[in-house]
Amino acid sequence: MPKQPELYERFRALHEQKGGFIMPNPWDGTSALLLQQAGFQALGTSSAALASALGRLDGRHAVTRDEHLANARLMGGLTSLPINGDFEDGYGTSPTEVAATVEAAIAAGLAGIGIEDTSGNASNPIREFDEAVERVRQAAKTAKGRIVLTGRTDNFIQGRPDLDDTIKRLVAFAEVGADVLYAPYPPDMAAVKAIVKAVAPKPVNILIGTMSGALPWSELQKAGVKRVSMGAALYARVMGDLQKAAKQLADGDLASASEGMSFSEIKKMISEATTPSTARK
């Protein structure tokens, strides 16, 4: 397993390469290995996928910091890829506690970490501007030169379609030290381009596309986007396939319900990932 400083440097370099990169989001060991097998150079955790896999709701502090760290360590240990932690609001009531979460992520071997301006409070889901910026500021002090910090505002997905405030927050996050900026699901490509321009030269992450739907990676690249993540989309895709299989099984169609990867292939993949390289020679 590479040391954390090496993983950080590899992850940082991906944001600087021409054309950017896609960072998919697995939720367990096997999904991480399948994405590594497909050739992806970095992976991101998904707080939503992890919460759902545990039978909980995302964004309500239902998953603990330690649970999320364990999930990230599992995927990193199996793949040896840089892992970016989707760590919600930083798992802290204060900026100091957010900084402690960043420190814990570094100690756990993560290459990147995201801090949102969410509150976990359904009645008031977005933190006030000054508080949100201070939390990113404290995170950045700990992260600088050690882990890639993504500053994220959830305005758009929390029912606050205010592009001006979104840009104001992202610019402020950039100014206090965030390395990457992120606002899930801008309304359209014009908003994407405005965000990219506002925080340049710092890189921007986009979640799949805009409020209008998924976009070709090539179109986002032309707009200057450096990183695309998938959030819970891959998890939902797999759950959709399971839903179909469950219906087939309920209808008595055992053959269709059991189609897919062979379990021996899954076992082989896990065995190769967990067997020390010296033993495989």
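Because the model is predicted, local features need pLDDT of at least 70 and side-chain atom pairs count only at pLDDT 80 or more, while totals for chains, interfaces and linings use all residues. Residues are numbered from 1 along each chain as its sequence is written, and side-chain values use heavy atoms, with hydrogens and water left out.

Which residues of α6 are buried? By buried I mean under 20% relative accessible area, with exposed being over 50% and partly exposed in between, using a 1.4 Å probe and protein chains only. The buried residues of α6 are Ala132, Val133, Arg135, Val136, Gln138, Ala139, Ala140, Thr142 and Ala143. Their cover includes helices α5 (95-107) and α7 (163-175), together with strands β4 (112-116) and β5 (148-152). Just after α6, Gly145 takes a positive phi of about 75 degrees.

That brings us to the salt bridges. As a general point, side chains of opposite charge can pair when their charged atoms come close. The term here means a side-chain nitrogen of Lys or Arg within 4 Å of a carboxyl oxygen of Asp or Glu, and the structure holds 17 of them. One is formed by Glu103 and Arg146, whose closest N and O atoms are 2.7 Å apart. This pair links distant parts of the chain, with Glu103 in helix α5 and Arg146 in the loop between α6 and β5, 43 residues apart. Both partners are partly exposed, Glu103 with a relative accessible area of 37% and Arg146 with 31%.

Another salt bridge joins the side chains of Asp154 and Arg152 (2.6 Å, N to O), and here Asp154 and Arg152 are both buried. A further one pairs Arg160 with Asp165 at 3.3 Å, N to O; Arg160 is partly exposed, with a relative accessible area of 31%, whereas Asp165 is buried at 17%. Salt bridges that share partners also join Asp86, Glu116, Arg152 and Asp154 into one network.

Asn155 lies in the loop between β5 and α7, and Asn155 counts as buried because its relative accessible area is 0%. What does the side chain of Asn155 make a polar contact with? The partner is the side chain of Thr166, at 3.1 Å. A polar contact is a pair of N or O atoms within 3.5 Å; within protein, one must be able to donate a hydrogen and the other to accept it, and residues adjacent in sequence count only if both atoms are side-chain atoms. Leaving aside neighbours within four places in sequence, Asn155 is in contact (heavy atoms within 4.5 Å) with residues including Arg160, Asp165 and Thr166.

The side chain of Asn205 makes a polar contact with the side chain of Ser229, at 3.0 Å.

Turning to the backbone, a cis peptide bond with omega of about 10 degrees joins Ala200 and Pro201, and Pro201 sits in the loop between α8 (189-199) and β7. Although not a glycine, Glu88 has a positive phi of about 50 degrees; Glu88 lies in the loop between β3 (83-86) and α5 and is buried at 4%. Ile208, likewise not a glycine, has a positive phi of about 65 degrees.

Finally, the largest pocket holds about 770 Å³ of space. Of the 22 residues that line the largest pocket, the closest to its centre are Val238, Asp241, Glu259, Gly260 and Met261. On a 1 Å grid over the protein atoms alone, a pocket is an open set of points where a 1.4 Å probe fits, with protein on both sides within 12 Å along at least five of seven lines, and lining residues have an atom within 4 Å of a point. Helix α10 gives the most to this lining, with eight residues.

Notes: Helix = DSSP H or I, 4+ residues; strand = E, 2+ residues; numbered from the N terminus. Points joined across faces, edges and corners; volume = space filled by probe spheres on them.
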